[in-house]
Every structure is written in C-alpha cells, then in structure tokens.
Amino acid sequence: MPFSLRTIRLALSLSALLPTFAGAQARQQVTRDIRPFVSVDAPVVALTHVRLIDGTGAASRDDQTIVIEGTRIARVGPSAGTTVPAGARVLDLSGRTVVPGFVGLHEHTYFGGVRRTTAMTTSAPLLYLAFGVTTAMTAGSQLPYHERNMARDVSLDRTPGPRFLISGPYLDGPATRSGMARALESPAEARRVVDYWADEGATWFKVMGQISRERLGDVIRAAHARGLRVTGHLCSVTFAEASALGIDALQHGFITASDYVPGKRPDECPIGNMHEQADVDVGSPAVQASIRALAQRGTSVVSTLGVYESFSPERFQLDTAAMAMLDPEVRREVEANHANIAAGGLVVTDVLLKKMMRWERDFVAAGGLLGAGCDPWGTGYLPGFGDVRNYEMLLEAGFSPATAIQIMTLNGARILGMDRDIGAITAGRQADLVVVRGDPVSRPRDLYQVTTVFRGGLGYDAKALRDAARGLVGVR
Ligand SMILES: [Zn+2]
C-alpha cells in the first residue's frame with residue numbers, strides 16, 4: 001500500500017511546522033491519548049492580568065492580556081486596553097508570569113552517562129513540555145530510530161510533547177572510539193548517510209569531536225543541499241575552521257573551542273582539551289578577535305551551561321524533584337555518579353565555568369546569536385529541569401532576565417529558521433506560552449513553577465505531564 005492513512009496524517013501535521021502565516025487556524029480535535037493532559041481547550045482563550053516577558057528582549061511588563069484564537073496569538077497588550085472577545089475562555093492569571101515556549105537546541109531523547117543507555121521516548125517529551133519546552137532540536141541521538149518514531153508519535157498527538165526537530169545518529173570521523181557514532185570515511189559516505197537520514201525526517205545533523213575538516217565540509221554541503229542544517233560538539237576542528245566551512249551552530253561554546261589550545265594540530269582533538277581551557281585568558285586580544293569573527297560570520301552558538309555545572313563537585317546538587325523522575329535503580333546509579341564526580345573523568349571547575357559564561361556574554365555583546373539547550377545526562381541533569389536551570393545560569397553569566405529569556409526562545413527560533421512563526425509572544429505567532437507562578441525576574445527559581453504550557457493554542461497541565469513521567473527516566 002503506497003500511502004497509508006497514517007502517512008497522510010503525518011504529512012498534514014508536519015505541514016503545520018512550516019513557517020507560514022496562515023492567520024487564525026482552528027486546532028485539530030484533541031485526541032484520546034493527549035486529552036488527560038489538556039487543561040485548556042477552547043477556540044478563543046484570553047490570559048488576563050499576566051506579567052509578560054515576550055521573548056524579544058523587551059523588559060517584563062505588568063498587567064498584560066494575551067488573546068489566543070485557534071493555534072495563534074491574536075492580540076497582546078495592557079489589560080486595560082485589550083478587548084477580550086465575547087465567548088472567550090478567560091483565565092485571570094494575576095500573580096503569574098507568561099514567557100514564550102522555550103526553543104531548546106540540545107534536547108536528547110535518550111538517557112546516557114549511566115551504565116546502560118536507554119530511550120527516554122516516553123519520559124522526555126512529557127518532561128520537556130512540562131517545563132515549557134515547546135520546540136526541541138535533539139542535537140544527535142544514540143538511539144536514532146527510537147527518536148524518529150517518538151517524533152512521529154508526538155506529531156500525531158499520540159503523546160504530548162514539544163515539536164521535535166530530529167537529527168539522526170551522531171556523525172564523526174574514523175578516529176572515533178565511540179560505538180554510538182557513524183564514522184564517515186569518504187565524501188560519498190557522508191553524502192549517503194546525510195541523504196538517508198534526511199529522507200527519514202532529520203532536519204539537523206550533529207557532528208562530534210573526531211571529525212576532520214574535509215568530512216565536516218562534506219556533511220555541511222550535503223545537508224545544505226537538502227535545505228538542512230548542521231551543528232557540532234567539536235574538538236578536532238576549531239570553531240574558526242567550522243565557521244569558515246559554514247557550520248550552522250556550535251554546541252557548548254568556549255569549553256569545546258579547541259582554537260586556543262597551544263600546539264593544536266589540524267584535524268586532531270588535543271587530549272585534555274577541556275582542562276587546558278581553564279588556562280585560556282578569555283579577555284586576551286586573540287580570543288576576543290575569534291569571538292568577533294564568529295559573530296560577524298553569523299555562526300550561532302548554543303549555550304549548555306547547566307549540564308557543565310552538573311560536572312562541578314563544588315556547585316552541583318541533585319534536585320529532589322528531578323530525582324523522583326528516575327527509575328529507582330537508575331536513581332541509585334545517578335546518586336553514585338554524583339557522589340563521585342571526580343572519578344568520572346570530567347570535572348568542570350568554577351574557574352572554567354566562569355570563563356564559559358564570560359565567553360558567551362562577550363559573544364552576544366559582539367552581536368553573536370546565542371541560543372540554549374539542555375543536554376540531559378547521567379550526572380542527574382534531566383529534560384525540562386535542565387532547560388530551566390539554564391535561565392539561572394544565564395543570569396549568573398550577566399545577562400538580564402529579558403535577554404536570558406530571549407536566548408531561550410526567540411534566539412533559538414532564529415537559529416532554527418522558524419522565528420517568523422514561533423519564539424516570541426506577538427500577534428500572529430503560534431500560541432506557544434509558558435505560564436509560571438510568581439515572578440522569575442525578581443526570583444529566578446520561580447521559573448520552575450510552571451502551571452500551564454500552551455503549544456499551538458492548546459493548554460497542557462504541567463503537573464499532569466510531570467506526574468506521568470515519574471519513575472520512568474532510565475527505563476522508557
Ligand atoms: Zn549532547
């Protein structure tokens with residue numbers, strides 16, 4: 001059978017991702033699978049008396065009203081002057097803050113860094129959405145078919161979750177010691193693997209730290225020929241080299257920039273790179289020039305400060321609420337990992353973390369486009385929780401609350417090329433909104449107090465999503 005009903009429904013739901021302006025669109029009917037998680041389902045919804053951080057970088061505004069019609073934001077403005085249509089479902093959200101749905105750019109759907117890597121294809125979509133991530137680029141997978149099938153299930157509303165942009169298996173060079181990556185030996189192979197995964201639905205590709213400049217160029221050309229994008233956790237190729245080759249986004253920032261390692265040899269990852277980074281002077285003219293060059297070329301960077309903090313014995317504490325999401329056996333493993341971070345081979349000192357922060361702040365000051373991502377890991381760093389932790393880390397890095405939210409929302413949408421459609425709370429964009437109790441401007445930790453998440457105009461109950469994920473991370 002050449003076309004199943006399922007294929008046609010998939011094509012229809014994927015077309016909803018295209019960045020087009022269709023005006024007010026009626027939503028599809030809520031499926032039986034996601035109904036238990038839905039708390040707001042009405043053709044017209046008004047969120048009144050909210051504190052708004054709109055994602056554009058503008059400072060927060062008090063007492064605003066947001067009107068949602070169908071899947072999109074119809075109007076936003078001061079409550080006093082914003083008309084609420086007759087028949088709208090009105091939610092008085094005094095004491096709440098609304099921010100755009102987060103656009104995460106490192107949102108894995110497998111749980112690694114423990115004895116056995118497991119799929120998080122049930123728990124990750126629930127947790128990302130529960131903490132406000134409404135669009136998620138996965139940045140590589142150890143279980144690419146699990147991820148592809150999960151993304152299909154989410155797009156068909158068989159399970160609640162963010163819009164996923166999947167990225168296929170990790171791509172690397174022949175020197176890789178890791179069994180998880182596809183080691184690319186030739187230009188023809190790079191093309192073949194990229195084309196295959198493009199046909200399977202990948203829209204991004206993730207390269208790793210042992211790839212050569214030549215193979216990275218092959219991957220970028222093959223992806224760009226299909227209108228797709230490439231990101232990397234680099235080491236053997238420097239940021240300057242990758243930028244010149246046309247890479248779209250550099251993951252992790254300063255800590256993986258091998259540009260500054262003395263004696264760095266072309267196409268080789270210098271051993272101990274991460275530790276030597278702590279000796280680099282971020283304020284030096286050479287480093288500052290390299291930051292400006294990246295910004296001027298338009299190569300974007302994805303901040304993942306929070307996950308690196310989870311490798312800091314000085315700073316990182318396991319979060320009780322996050323630990324409750326783990327399967328009990330895996331939880332014991334994570335607790336052991338945490339108790340013994342130093343034995344894990346990677347320790348991120350406070351000195352290094354501060355340099356990462358400074359580098360990102362200087363990159364943005366130079367006009368660079370910075371997004372953010374979670375990068376969940378067996379150190380106890382979980383989907384959703386980690387995305388919100390990035391907010392606190394970005395504040396510590398010296399960004400204002402409005403800029404930190406912009407990095408996590410509109411900047412991410414710009415990196416994905418979806419900023420006309422998502423990423424900010426303005427009329428015409430998709431109604432992707434996060435409602436939190438309290439005021440994350442004066443109390444950053446309030447950003448964890450998510451009550452409702454709207455994706456495409458449909459409101460999900462954050463507690464129901466979290467409860468459904470409890471005990472599942474590390475199993476499914
Ligand atoms: Zn990662």
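**Figure 1. Domain 1 and domain 2, with C-alpha centres 29 Å apart.** The model shown in this and the other views is predicted. Domain 1 is made of two segments, 24-99 and 425-467, while domain 2 covers 102-416. These bounds come from an automatic or database domain assignment. Domain 1 contributes 26 residues to the contact and domain 2 contributes 22 residues. On the side of domain 1 that touches domain 2, strand E20 (450-455) and helix H16 (462-469) are the elements that give two or more residues. The residues on that side of domain 1 comprise 17 nonpolar, five polar and four charged.

**Figure 2. Packing of helix H2 (residues 123-130) against H16.** The two helix axes are 8 Å apart, at an angle of about 150 degrees. H2 is therefore roughly antiparallel to H16, since angles over 145 degrees are counted in that class. The crossing of H2 and H16 is left-handed. From H2, the residues in the contact are Ser123, Leu126, Leu127, Leu129 and Ala130. Their counterparts in H16 are Ala462, Leu465, Arg466, Ala468 and Ala469. By residue class, the contact of H2 with H16 holds eight nonpolar, one polar and one charged. Ser123 is the polar residue, and Arg466 is the charged one.

**Figure 3. Packing of helix H13 (residues 385-396) against helix H14 (residues 401-408).** Here the axes lie 9 Å apart and the helices pack at an angle of about 135 degrees. H13 and H14 cross in a right-handed sense. The contact brings Asn390, Tyr391, Leu394 and Leu395 of H13 against Pro401, Ala404, Ile407 and Met408 of H14. Seven of these residues are nonpolar, one is polar and none is charged.

**Figure 4. The segment of residues 1-23, where pLDDT stays under 50.** For residues 1-23 the model has 13 contacts beyond four places in sequence. Where pLDDT is low, the predicted coordinates should not be read in detail. For the protein chain, the mean pLDDT is 94, and 94% of the residues reach 70 or more.

Notes
Residues are numbered from 1 along each chain as its sequence is written. This is a predicted model: local features need pLDDT of at least 70, side-chain atom pairs count only at pLDDT 80 or more; totals for chains, interfaces and linings use all residues. Axes are lines fitted to C-alpha atoms, for helices over the stretch in contact, and angles run from 0 to 180 degrees between N-to-C directions. Helices (H or I, at least four residues) and strands (E, at least two) are DSSP runs, numbered from the N terminus. A crossing is left-handed if the near helix is turned anticlockwise from the far one by less than a right angle, and right-handed if clockwise. Two residues are in contact if their C-beta atoms, placed from the backbone, lie within 7 Å. Ala, Val, Leu, Ile, Met, Phe, Trp, Tyr, Cys and Pro count as nonpolar, Asp, Glu, Lys and Arg as charged, and the others, Gly among them, as polar. Angles under 35 degrees count as roughly parallel, over 145 as roughly antiparallel, 65 to 115 as roughly perpendicular and the rest as oblique. pLDDT is the predictor's confidence in each residue, from 0 to 100.
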